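Thank you for making time for this.

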Amino acid sequence: MAVSIEDIKKLRHMTGAGMMDCKNALAETDGDINAAIEIIRKKGQAVAAKREDRNAAEGCVFSGINGNFAAIATLKCETDFVAKNESFRALAKKVLETALANKAKSLDELKGLAIDGRTVAELITDEIGKTGEKMELGDYEWIEAATVASYNHFNDKLAAIVGFNLEGVDPQVGREVCMQIASMNPVAVSRNDVPQETIDQEISVAIEKTKQEQVVKAQEVALKKAGLNPNHFDSEDHIESNITKGWITAEEAERGRQIMKEAGEAKAANLPEAMIQNIANGRLNKFFKESCLLEQAYVQDAKITVGQFLDNTTKGLVVVDFKRVNLNED
């Protein structure tokens, strides 16, 4: 039977599919709108299966709050072109709204929630049928606390949420703390919340770095005593390059290598352990100040920490939890 342009437009409005896809579906079903919708949905499932091995590295990240509940939802796709498409963005926002309304506490729970009679997972499959790109839910984070706040960066690829220990926190304070989290990417609220594994790794790196610095310092001193410029011996590639440039002779290069070997081995065998440990502990403390939210310098006033800013705002106010999602860091 002939397919009317009105029916094609109606089906396109209902599904978001292309004109030809709508026309073909209606022709196949003799103009049955509901049957045509199912064909388009099945096509979406077929496209989804074909795209399963593709990389969905683009998308949108949105955050929001519902009472004392905050969430971040990520909908991913293959290209930035689709990520900027209004239909895709509308679906991403609808997913977040559904998560907030139901206070979803896991990605699997979110996938199973219903929107207009269809699950979130099914709606994503429908959207795949419209665009032909792989899509999937990405990171999903949530917080429940006495007061919560959220922040969405202007590019829709970065968002943060935060929870406070007290009720009635000024929304502007919450927003500023979220912006701090978004820009400074802390790893924990305080040093007490940093996993021991992370602390062990940081102290191990700090110790090795400090030892290496002591060895290099001893080598530089030995080279200077021998009348050689340490800058000419900072790497094997530079040594060879400096020979080519005529800045050192091959004999000086070999003598310098030997001096560095002997001085380095001697220093490595007699490193002052107490000093090494003290320097490493200082580096660990610096890590805490740079990486723990309450100890970070407040971006709006570097003279105080975030913890001091909160205490100045309301005595006893602290962050109990935060989450951050940056699609560009995946």
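For the charges, Lys and Arg count as positive and Asp and Glu as negative, while His and the chain ends are not counted; the place of a charge is taken as NZ of Lys, CZ of Arg, CG of Asp or CD of Glu. On that basis, the protein has 41 positive and 53 negative charges, and their mean positions lie 3 Å apart.

A word on provenance: this is a predicted model, in which local features need pLDDT of at least 70 and side-chain atom pairs count only at pLDDT 80 or more, whereas totals for chains, interfaces and linings use all residues. Residues are numbered from 1 along each chain as its sequence is written, and side-chain values use heavy atoms, with hydrogens and water left out.

As for overall form, the C-alpha trace spans about 95 × 60 × 30 Å along its principal axes.

Buried residues (under 20% relative accessible area, with a 1.4 Å probe and protein chains only) make up 42% of the 330.

Which residues are buried in helix α13, residues 306-313? They are V306, F309 and L310, and, seen down the axis of α13, the buried residues fall within an arc of 95 degrees, so they line one face of the helix; the arc is that of the directions from the helix axis to the C-beta atoms. Their cover includes β7 (158-164), α8 (171-184) and β10 (319-326).

How values were computed: Buried means under 20% relative accessible area, exposed over 50%, partly exposed in between (1.4 Å probe, protein chains only). Helices (H or I, at least four residues) and strands (E, at least two) are DSSP runs, numbered from the N terminus. Contact means heavy atoms within 4.5 Å.
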